[in-house]
Amino acid sequence: MYNRCVLIGRLIADPELRTTPNGVNVCSFCMAVDRPYKQGDERKADFINIVAWRGTGEFVSRHFSKGKAIGVEGAIQTRKYTDKDGNNRIAFEVVAEKAFFVAPKTSGDTQNSSAPPAANDEFQPVDWDDTEDTPF
């Protein structure tokens, strides 16, 4: 048996980071994921609830906000609960094990990257003299 999903979509609201009484961070958010469609058909999306724990949750809350594209890899989970009217319900959500960027950084983004920013997004040729010894 195998329970794995990969989703790419956009956040419909800012993620909410909370801390459990035991000091564990958990981030909840909802993302809109487009359904496949044919040209001329109306575009539709599914709205999927995501839960990210510990470092993954901290990463999402630090780097993503409403409208930002995001990729998530995780597993589908169900849980039963009773609503305020006493009705039994089942919630479906994805427990994110990984979250990742799926769109290039724009000038207005505050997302940090480990690489220094390039002058532009195009390939930059490097002068290299093949008569010198390679460093590896």
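## Asp 83 and its contacts

A polar contact is a pair of N or O atoms within 3.5 Å; within protein, one must be able to donate a hydrogen and the other to accept it. Keep that in mind for Asp 83 in this predicted model: its side chain makes such a contact with the side chain of Arg 89, at 3.1 Å. The pair also counts as a salt bridge, with 3.1 Å between the closest N and O atoms.

Where does Asp 83 sit? Look in the loop between strand S5 (69-82) and S6. From there, the Asp 83 side chain also reaches the backbone nitrogen of Asn 87, at 2.8 Å. Is Asp 83 buried or exposed? Buried means under 20% relative accessible area, and Asp 83 comes in at 18%, so it counts as buried. Arg 89, at 41%, is partly exposed.

## Other salt bridges

How many salt bridges does the whole structure have? A search turns up six. One of them joins Glu 73 and Arg 4, with the closest N and O atoms 3.2 Å apart. Glu 73 is in strand S5 while Arg 4 is in the segment before strand S1 (5-11), so this pair ties together parts that are 69 residues apart in sequence. Arg 4 is partly exposed, at 30% relative accessibility. Arg 4 and Glu 73 also belong to a salt-bridge network with Glu 97.

Then there's Asp 34 with Arg 43, whose side chains meet in a salt bridge at 3.3 Å, N to O. Both of these residues are exposed.

## A nonpolar patch

Over on the surface, Ile 76, Ile 90 and Phe 92 make up a nonpolar patch. You'll find Ile 90 in strand S6 (residues 88-100).

Methods:
Residues are numbered from 1 along each chain as its sequence is written. This is a predicted model: local features need pLDDT of at least 70, side-chain atom pairs count only at pLDDT 80 or more; totals for chains, interfaces and linings use all residues. Side-chain values use heavy atoms; hydrogens and water are left out. Patches are made of residues with over 30% relative accessible area and no salt bridge: like charges are joined within 9 Å, nonpolar side chains (Val, Leu, Ile, Met, Phe, Trp, Tyr) within 5 Å. Accessible areas come from the Shrake-Rupley method with a 1.4 Å probe; for residues, only the protein chains shown count as cover. A salt bridge is a side-chain nitrogen of Lys or Arg within 4 Å of a carboxyl oxygen of Asp or Glu. Helices (H or I, at least four residues) and strands (E, at least two) are DSSP runs, numbered from the N terminus. Buried means under 20% relative accessible area, exposed over 50%, partly exposed in between (1.4 Å probe, protein chains only).
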